[in-house]
Amino acid sequence: MAEPTQTWLTQDAYDRLTGELEQLTGAGRKDIASRIEAAREEGDLKENGGYHAAKDEQGKMEARIRDLESLLKHAVVGEVPQASGVVEIGTVITADIFGDEERFLLGNRELADGSDLDVYSAESPLGTAILGRKVGEEVSYSAPNGTEIAVKILAVDTYAA
């Protein structure tokens with residue numbers, strides 16, 4: 001199994017995710033357990049839609065708990081980097097990608113919760129290609145389908161969380 005990568009988060013994002021984890025592992029688990037028990041008391045489990053829905057929800061909740069635990073365990077918490085014209089994790093990038101101007105955050109989707117910005121991981125093909133590049137630089141990367149995509153960094157801005 002591959003080692004999880006470190007994820008950069010702001011203190012606010014880390015606190016928000018820690019709160020979500022505490023809610024899910026505390027009240028969330030108690031709530032779903034009582035819903036499963038109540039549905040189980042209704043009788044035949046084969047045709048009990050409420051029971052199956054609660055079990056599905058429990059599975060999704062446990063998956064989210066595992067994701068949060070891993071993310072928080074490997075999180076690097078810090079301040080939003082101030083834009084210096086160099087692409088860094090946690091900065092907002094404006095780039096000409098294959099002829100289209102796009103604006104996005106380089107980092108983790110959890111960092112941009114509530115924002116309308118698209119988010120690209122630093123480990124994605126695009127993120128790997130532009131990380132450390134300066135405004136005005138041009139680079140290309142291979143998309144998963146093999147297409148070479150040209151990228152020109154137009155601006156690097158500070159992320160306003």
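Analyst: Strands here are DSSP runs of E with at least two residues, helices are runs of H or I with at least four, and both are numbered from the N terminus. This is a predicted model, where local features need pLDDT of at least 70, side-chain atom pairs count only at pLDDT 80 or more, and totals for chains, interfaces and linings use all residues. Residues are numbered from 1 along each chain as its sequence is written, and side-chain values use heavy atoms, with hydrogens and water left out.

User: How far apart are Lys152 and Glu41 in space?

Analyst: They are 61 Å apart, C-alpha to C-alpha, and 111 residues apart in sequence.

User: OK, back to the strands. How do strand 6 and strand 7 pair?

Analyst: Strand 6 and strand 7 (residues 148-158) pair in the antiparallel sense over five bridges. For a pairing, DSSP has to find at least two bridges between the strands. The two form a hairpin with five residues between them, and Gly146 in the turn has a positive phi of about 95°. Ser142 stands opposite Glu148 in strand 7.

User: What does UniProt list for residues 83-157?

Analyst: The unreviewed entry lists "domain: Transcription elongation factor GreA/GreB C-terminal" there. UniProt positions are given in the numbering used here, feature names are shortened, and annotations may be inferred rather than shown by experiment. Over residues 83-157 the chain is 8% helix and 43% strand, with the end C-alpha atoms 5 Å apart.

User: And which residues does the N-terminal annotation cover?

Analyst: In the unreviewed UniProt entry, "domain: Transcription elongation factor GreA/GreB N-terminal" covers residues 8-77. That span is 79% helix and 7% strand, and its end C-alpha atoms lie 6 Å apart.

User: New topic. How many salt bridges are there?

Analyst: The count comes to nine. A salt bridge here is a side-chain nitrogen of Lys or Arg within 4 Å of a carboxyl oxygen of Asp or Glu. One of them joins Arg29 and Glu62, with the closest N and O atoms 2.8 Å apart. Arg29 is in helix 1 (residues 11-40) and Glu62 in helix 2 (residues 49-73), so this pair ties together parts that are 33 residues apart in sequence.

User: Which residue forms a salt bridge with Glu57?

Analyst: That's Arg35, and the closest N and O atoms are 2.6 Å apart. Glu57 sits in helix 2 and Arg35 in helix 1, so the pair ties together parts 22 residues apart in sequence. Glu57 is partly exposed at 39%, and Arg35 is partly exposed at 34%.

User: What about Arg40 and Glu37?

Analyst: Their side chains meet in a salt bridge too, at 3.6 Å, N to O. Both residues lie in helix 1, three residues apart, about one turn of the helix. There is also a network: salt bridges that share partners join Glu20, Arg64, Arg109 and Glu110.

User: Where is Glu110?

Analyst: Glu110 is in the loop between strand 4 and strand 5. Glu110 counts as buried, at 8% relative accessibility. Not counting residues up to four places away in sequence, Glu110 touches Ala13, Arg16, Leu17, Arg64 and Leu71.

User: Last one: how many aromatic pairs does the structure hold?

Analyst: One. Phe104 and Tyr120 form an edge-to-face pair, 4.8 Å centre to centre with 80° between the planes. Rings of Phe, Tyr and Trp (its six-membered ring) pair if their centres lie within 6.5 Å; planes under 30 degrees apart count as stacked, over 60 as edge-to-face and the rest as tilted. Phe104 is buried at 0%, whereas Tyr120 is partly exposed at 27%.

Conventions: Buried < 20%, exposed > 50% of the residue type's maximum accessible area, 1.4 Å probe, protein only. Contact = heavy atoms within 4.5 Å.
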